[in-house]
Amino acid sequence: MGKKVLMKGNEAIGEAAIRAGCLNYFAYPITPQSEVAEYLSRRMPEVGGVFVQGESEVAVSYMLFGAAGCGERVFTTSSSPGISLMSEGISYVAGAQCPVVFVNIIRGGPGLGGILPSQGDYFQATKGGGHGDYRMLVMAPASVQEAVEMVMMAFPLAEKYRNPIMLLGDGLIGQMMEPVEFPDHLRTEPTNKDAWATNGMDTRKSSKPNIVKSLYLDPKQLNDHNLLLKSKYEQMKREEIRYEPYNTDSDYKVLIVSYGTMSRVCRTAIDNMKAEGFEVGMVRPQTLFPFPEKAVHDAAVKESCKVVISIEMSMGQMVEDVDRCVKGKRPVEWYGKCGGDVPTPEEVMGVVKALI
Amino acid sequence: MQSEVMFAGFGGQGILMSGKILAHAALTKGFEVAWIPSYGPEMRGGTAYCTVVISDRPIGSPIIKNPMHLVAMNRPSLEKFAHVVKPEGVILINSSLCSVTSGRSDIDELIVPVSDIAIELGTVKAANIVALGAFVTRSKIIDYELLKEAVKEEFAAKEKLIPLEMEALERGKKAALQ
Amino acid sequence: MGKTFKRPEALSENHTHYCPGCTHGVIHRLIAEVIDELGIRGRMVGIAPVGCAVLAYNYFTFDFQEAAHGRAPAMATGIKRVRPDLMVFTYQGDGDLASIGMGEIIHAANRGEKFTTIFVNNTVYGMTGGQMAPTTMPGQRTTTSPFGRNVEDCGMPIRMAELLSSLATPAYITRQTVIKPKYIVKTKKAIKQAFAYQMERKCFSFVEVVSTCPTNWGMTPVEAVKWTEETLLSYYKLGEYKKPE
C-alpha cells in the first residue's frame with residue numbers, strides 16, 4: 001500500500017488502470033467523466049502507454065475490440081449516451097470473447113438526459129444493452145477507493161472469463177475527491193493469450209492462425225457457442241458475487257437494497273435511525289451481475305424483517321432483481337429519484353419509516 | 001464528529017481549489033474527507049460551489065443539503081446558501097463583492113473584504129486563500145498550521161507564489177481575529 | 001520441369017464460396033502473394049469485413065479478426081496502436097467502407113494510422129443481395145434501386161480514392177482494377193507498395209480495386225468485364241492519387 005492521496009474519482013480510475021498493468025486507453029470525451037481522458041492524455045505518455053481519442057464511441061469500442069483481440073490489456077471510460085453507442089461493440093467483444101474493461105460513469109437519461117448522477121443504466125449494464133445473449137460482469141463502487149480497487153480487479157477478471165467487464169459508477173463517484181491508495185497486491189500480469197489472440201504467429205511461435213470472430217453460421221455451432229458463453233456466466237454466479245451487508249446483525253424491520261452512491265446515503269440514514277432506536281438493515285450489491293441473489297433472499301426472510309425496499313437513482317430497475325430474489329416472501333417496495341437530485345438521508349429516513 | 005463546509009462563488013474565484021486545500025489539510029491529520037463539487041455548465045463562469053466533508057469516521061452520504069459552514073465569495077452565493085447552514089455554523093461573507101449580510105442571528109457571521117485584501121497584496125486571485133485563512137482561523141475546523149502546509153503543497157509547482165499565498169493566509173487570519 | 005504456378009503459402013487450401021466471375025478470389029491471391037514475397041505472414045493480422053468477404057479468414061493462413069459492418073478501420077487502429085510491429089490490413093467492400101463505415105475510414109486515414117486498406121468496389125452490396133451502395137452508378141439497377149439509381153435523391157456515387165486524397169495527412173492512395181491481366185499486374189504492385197509503406201511505418205495506405213459482381217449485376221462474367229471497362233472506369237479513374245513525400 002502506498003500513501004493516501006486525495007484524488008478525484010475520474011483521475012483515480014485512470015491511475016488505477018495503469019497501476020493494474022493496463023497501458024492502453026481509447027476514449028471519446030463526454031461529461032461527467034472527461035477528466036479520465038484528460039488525465040490519461042498526460043499520464044499515458046509518461047508510462048509509455050497508448051492514449052487514443054477516437055472519433056466516436058462506436059469507433060472506440062472497436063479500437064478496444066481490435067486491441068484486446070491481439071492480446072493486449074485495454075480499457076475505456078464513458079458515460080451513458082456513449083455507452084449506448086459502444087453497446088454494438090460490446091456485443092461483438094462478448095461474442096468474440098475478448099477481455100475489455102468498460103467504465104460507465106452514469107448520467108441521467110434517457111436521450112441526452114442530464115449530466116448529474118444517476119443509476120438509470122442498471123438494465124443496460126446487467127441485462128444487455130447490445131444485441132444477443134451476452135452478459136457482462138458488472139461492479140458498482142460506492143467510493144473512490146472502491147472504484148480504484150474494482151478497476152484493478154477488473155483486468156484479471158476480464159481475462160479469466162475472456163469477457164467484457166463493466167464498472168458502473170455515477171457522476172458523483174467520478175467527480176468526488178476522496179483519499180485513495182493503490183493496493184500493490186492488485187497489480188497483475190496479463191495472462192498468456194497465445195491460445196486465441198491474433199498476436200501474430202511469430203510472436204507465439206506457431207503455424208496455426210488464430211481467428212477472433214463472432215460469426216457462426218451453422219445453427220448447431222452457434223448454439224454451442226452460446227452454451228459456452230452461458231457456462232461462463234454461470235461460473236460468474238458461482239465465483240464472483242460480491243456484496244456488503246450493513247447492520248444486518250440487528251433485528252431490523254426493514255431491509256434496504258441499494259448500491260453505489262445511493263447506498264452511502266442509505267448508510268447515513270440507517271445510522272441516524274439506529275440512534276433513534278429504529279433498526280434497518282442493508283445489503284449493498286458490489287456486483288450487479290452476478291446479483292447477490294441468496295444474500296438478498298436470506299436477509300429478506302429474517303424473522304424481524306417485515307418489508308424490503310430497493311432504493312436507487314432510477315425509476316425502479318434493480319427492484320426487479322430484488323423482487324425476483326425475495327420470491328414473494330416479503331413485500332418489495334421501491335424508492336428512487338432521477339435527474340441528479342440525489343435523495344438525502346432525511347428523505348430516505350422518511351420513506352423507510354413510512355413503510356412500518 | 002463530522003463537519004461540512006460549503007465554498008461558493010463565481011467560476012474562476014478558486015472555489016474548488018479552496019475546498020481541495022482544506023480537504024488535503026484534513027487528510028494529513030488523518031481525518032476522513034470527501035470533496036464534492038458542483039459540476040456542469042455552471043462551471044463556465046456561473047456559480048461554482050463545492051462541499052468538503054471532514055469526519056473522524058467513514059463518510060456516508062456525500063449529499064449534504066445542510067452544511068455546518070459556508071464561505072460565500074459573492075452575493076448570489078450568500079443569497080442561495082445562507083439559509084441552509086446549520087445553526088452555530090460560520091458564514092464567511094466576502095464583503096468586497098457582497099454588500100448584504102446573511103440576516104441570520106443563529107450563526108457566526110464573519111465579514112471580510114477578501115477580494116480587496118487580495119488586491120492589496122497584488123492579485124485578486126489570492127482572494128480564495130485570504131478567505132481560507134480567515135475561515136479556518138474562525139471555525140478552528142482544522143489546525144491553522146496544517147492549512148499552511150497544505151497551501152504550500154498546493155503551490156509546490158509554482159514556488160514563486162508561495163510567499164504571496166502565505167501573506168494572504170496571514171491577512172485572512174488577522175481579519176478573523178479582529 | 002519444375003512447377004512454376006503454385007498456391008502462395010499465405011493462401012489456404014479451402015475452396016472459396018465466391019460466385020463465378022467474382023474478383024475476390026484474384027484479390028485474395030494477390031494479397032497472399034505479396035505477403036509471401038515480403039515474408040510477413042508470421043506478423044500479419046487481417047480484418048474481415050461484413051459483406052461477401054466476411055469469411056475471408058477461411059482463405060488465408062495467418063491471424064484474422066472479424067469486424068462489425070464498417071468498423072474494420074477502428075479495429076485496425078486498435079491493433080496498430082498497441083502492437084505497431086504487427087502488419088495489419090482491412091479488407092472492405094463498398095457498402096462496408098463507403099456507407100456504414102465512412103466515419104471510421106476517414107478518421108483512420110486522417111490520423112495517418114499505419115495500416116493498409118484493400119477497398120473492393122463493385123458498386124453493390126453483394127452478400128445481402130445486390131442492394132444499392134454509395135458507389136452504385138447513376139441509373140444502375142439494383143434490388144433497392146429497381147428503376148436505376150436516381151441521383152436526384154441518392155446523389156452521385158462516392159469516389160473514395162479522391163475523397164480520401166483530399167485529406168491533408170500524408171497517405172498512399174491508389175485505384176486499380178483486376179478485370180484483365182494487365183491491370184492485375186499493376187494491382188499487385190500497388191498492394192506491395194501499400195504494404196511496403198506500412199512496413200516502413202510511413203503512412204496510411206489505401207488500394208481501391210474496381211471489381212465485378214456478375215451475379216448481382218445480372219450479367220455474365222464477360223459482360224461484367226465489358227461493363228466495368230466501359231462504364232465504371234470512366235467514372236472511377238485508375239491511377240495513383242496520393243503518395244507520401
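Trainee: Are C:Phe115 and C:Phe204 buried or exposed?

Mentor: Start with the term. Buried means under 20% relative accessible area, exposed means over 50%, and partly exposed lies in between, using a 1.4 Å probe and protein chains only. Both C:Phe115 and C:Phe204 are buried. Keep in mind that this is a predicted model: local features need pLDDT of at least 70, side-chain atom pairs count only at pLDDT 80 or more, and totals for chains, interfaces and linings use all residues. Residues are numbered from 1 along each chain as its sequence is written, chains are lettered from A and ligands numbered from 1 in the order in which they are written, and side-chain values use heavy atoms, with hydrogens and water left out.

Trainee: How many aromatic pairs does the structure hold?

Mentor: First, the rule. Rings of Phe, Tyr and Trp (its six-membered ring) pair if their centres lie within 6.5 Å; planes under 30 degrees apart are stacked, over 60 edge-to-face, and the rest tilted. Over all chains, the structure holds 24 aromatic pairs. Take C:Phe62 and C:Phe89. Their rings are 6.2 Å centre to centre, with 65° between the planes, and the pair is edge-to-face.

Trainee: Which parts of chain C does the pair of C:Phe62 and C:Phe89 tie together?

Mentor: You need helices and strands here. Helices (H or I, at least four residues) and strands (E, at least two) are DSSP runs, numbered from the N terminus. C:Phe62 lies in the loop between strand 1 (44-48) and strand 2 (63-66) of chain C, and C:Phe89 lies in strand 3 (residues 87-93), so the pair ties together parts that are 27 residues apart in sequence. Both C:Phe62 and C:Phe89 are buried. Now go back to C:Phe115 and C:Phe204. Their ring centres are 5.4 Å apart and their planes are at 80°, so this pair is edge-to-face. The pair links distant parts of the chain, 89 residues apart: C:Phe115 is in the loop between helix 4 (102-111) and strand 4 (116-121) of chain C, and C:Phe204 is in strand 8 (residues 204-210).

Trainee: Which residues form one aromatic cluster?

Mentor: C:Tyr57, C:Phe60, C:Phe62, C:Phe64, C:Phe89 and C:Phe195 do.

Trainee: Next, the chains. Which chains have the most contacts between them?

Mentor: A contact means heavy atoms within 4.5 Å. Of the 2 pairs of chains that touch, chains A and C have the most contacts. No contact joins chain B and chain C; their closest C-alpha atoms lie 29 Å apart.

Trainee: What area is buried between chain B and chain A?

Mentor: The size of an interface is often given as the accessible area lost when the parts come together. Buried area is the accessible area (1.4 Å probe) that two parts lose on being put together, summed over both. Between chain B and chain A it is about 1,900 Å², and carbon and sulfur atoms give 68% of that. The contact takes 21 residues from chain B and 26 residues from chain A.

Trainee: How many salt bridges are there between chain B and chain A?

Mentor: A salt bridge is a side-chain nitrogen of Lys or Arg within 4 Å of a carboxyl oxygen of Asp or Glu. Between chain B and chain A the count is 2. One of them joins B:Arg57 and A:Asp271, whose closest N and O atoms are 3.8 Å apart. On the chain B side, helix 1 (15-28) and strand 2 (32-37) each supply at least two residues that touch chain A. Strand 2 of chain B gives the largest share of that side, 6 residues.

Trainee: Where is A:Lys327 found?

Mentor: Look in the loop between helix 11 (318-326) and strand 15 (332-336) of chain A. Phi of A:Lys327 is near 55°, a positive value in a residue other than glycine. A:Lys327 has 58% relative accessibility, so it counts as exposed. Phi of C:Arg201 is also positive, near 55°. At 48% relative accessibility, C:Arg201 counts as partly exposed.
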